[in-house]
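Colleague: I'm new to this one. Can you walk me through it, piece by piece?

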Amino acid sequence: MDADEHAGRVHRFLDDRAGDVTGMLQDWVRIPSVAGGDDGAAQVERSAVWLADALRDTGFPEVELWRADGTTAVHAQWCAAPGAPTVLVYSHHDVRAAKRQNWEVTRPFDPVLRDGRVYGRGTSDAKGQVLAHLWGVRAHLAATGADAPAVNLKLLVEGEEETGSAHLAELLAQHRDRLAADLVVFSDTLLWSADHPAVCTSMRGTMLARLEVRGTEVDVHSGDVSGAAPNAALELARLIAGLHDGEGRVAVPGFYDAVAEPDASRRAELAALPFDEADWLRRSGTGAVVGEPGYTVLERLWLRPAVEVLKVAAGDPGDTARAVIPSTASADISIRYVPDQDAATIADELERWVARTIGPGVRYELSVSEGTAQDPYVTPDVPAVQALSRAMARGFRSDGVGRMGNAGGGPAVLLGETIGAPVVFFGTGLVEDRWHDSDESVSSSVLHAGAATLACLWEELGTRAPGGPSVP
């Protein structure tokens, strides 16, 4: 059977089961597996058990629950292809918390299918991505008529990615012998657009920081001391406003010292993607394009570092105002960094900048989460990238497949170094899916294309490329 015939069978199988795919996703989304929530551990366990059952129904002969201090990961493997490559798939089944009052289409954990999209928390990030793998395996088997995949498949779906994957390194070390693989497929990423697929070949690093400023000893009546007392909120506002200069560059001295200029070939790859500013603003919901001058939007997203303020708290947010000068104010800060930058160096630069910049009469505490920082990763030029490109062309029924990056972070370096294998990225998310926001959703047609891509990828890696396990 040639590759096009295999792809045709894959698509027909998925066409016939479109309702099963979306229905299965809705069933899983009803489990509120919010990592770190009040009932988080129990719901993450429920979600893991659901996934384990779905993997067994798919045909995986070995499925295990791996537990670590309140979180549950799912491991499965189907290794029945001697001489073929072994692929480890990574993703997660925990989700972000949701503010029910902000959702309009449906409640966060009461998913609905509307106009070709499934709405609900986790539909895209990342339960939909995991289900694309399950249905990709099913479609691959149906198309080939085989009893097992053409590659040796292993899955690791963790339950605390949204809170920083604190126990992932422990799980990897504890079960290292069960995770040996020739290639890692990382599925917690975005596509460029539904009608123009692109292979993601890089991921920025990510690190969080928290800055707390303390002014008065206690909250003080504003009329009693106004004009003569330090104001923590004002000082925090001054500090975070100074994180960037007037042109949009990060103003922390030394921040760009290790940042290399993008090479011409990478810039050309990104420039080849169809970018329309109005389309980007509509899909991303960002309202305007800002940022570091001298670089395109896509270069700012995928090749340049960034610092963002995620949360600011002071005074009486959400409560009846007391008309006081707040004694403390805090900000949560996200740092996205690129190759050649170092998390520890960035943390030192930020600490020195705050110490020099903080005003008189206030105290501060800066905590930088170096321990949970996730370094940037660039996929090496391995044959698996071309195999994925060919699989995406068939899965998305597209004549061309571009190259892109991923603006967010993830444990790609940890996985690659622990397993000793290259990492390639494939996800089914889109920027318009509204990850972490209200009315998160996923396109059912993209799920179909994603599952078809994976079905074609296993065929590519298992039978099309010569050399057995050395293929990746």
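**A first walk through the model**

Modeller: Val89 stands opposite Leu155 in strand β6. Before we go on, this is a predicted model: local features need pLDDT of at least 70, side-chain atom pairs count only at pLDDT 80 or more, and totals for chains, interfaces and linings use all residues. Residues are numbered from 1 along each chain as its sequence is written, and side-chain values use heavy atoms, with hydrogens and water left out.

Colleague: What counts as a strand here?

Modeller: Strands (E, at least two residues) and helices (H or I, at least four) are DSSP runs, numbered from the N terminus.

Colleague: How many bridges join β3 to β6?

Modeller: Seven, and the two strands run parallel. β3 covers residues 86-92, and β6 covers residues 152-158. Strands pair if DSSP finds at least two bridges between them.

Colleague: And how many bridges join β3 to β7?

Modeller: Four bridges, again parallel, with β7 at residues 183-186. Tyr90 has Phe186 as its bridge partner there.

Colleague: Is β3 buried or exposed?

Modeller: Seven of its seven residues are buried, so β3 is largely enclosed by the rest of the structure. Buried means under 20% relative accessible area, exposed over 50%, partly exposed in between (1.4 Å probe, protein chains only).

Colleague: Which residues sit on each side of β3?

Modeller: Thr86, Leu88, Tyr90 and His92 are on one side, and Val87, Val89 and Ser91 are on the other. Both faces are covered.

Colleague: New topic. Which residues does the cis peptide bond join?

Modeller: Asp125 and Ala126, with omega about 0 degrees. Ala126 lies in the loop between β5 (117-119) and α4 (127-144). Most peptide bonds are trans.

Colleague: What about phi at Asp115?

Modeller: Phi of Asp115 is near 50 degrees, a positive value in a residue other than glycine. Most residues other than glycine have a negative phi. Asp115 is in the loop between β4 (112-114) and β5. Asp115 counts as exposed because its relative accessibility is 79%.

Colleague: And phi at Arg397?

Modeller: Near 50 degrees, so positive too. Arg397 lies in the loop between α12 (383-395) and β16 (402-406). Arg397 is exposed, at 55% relative accessibility.

Colleague: Where is Asp348, and is it buried or partly exposed?

Modeller: Asp348 is in helix α11 (residues 343-357). Asp348 is partly exposed, with a relative accessible area of 43%.
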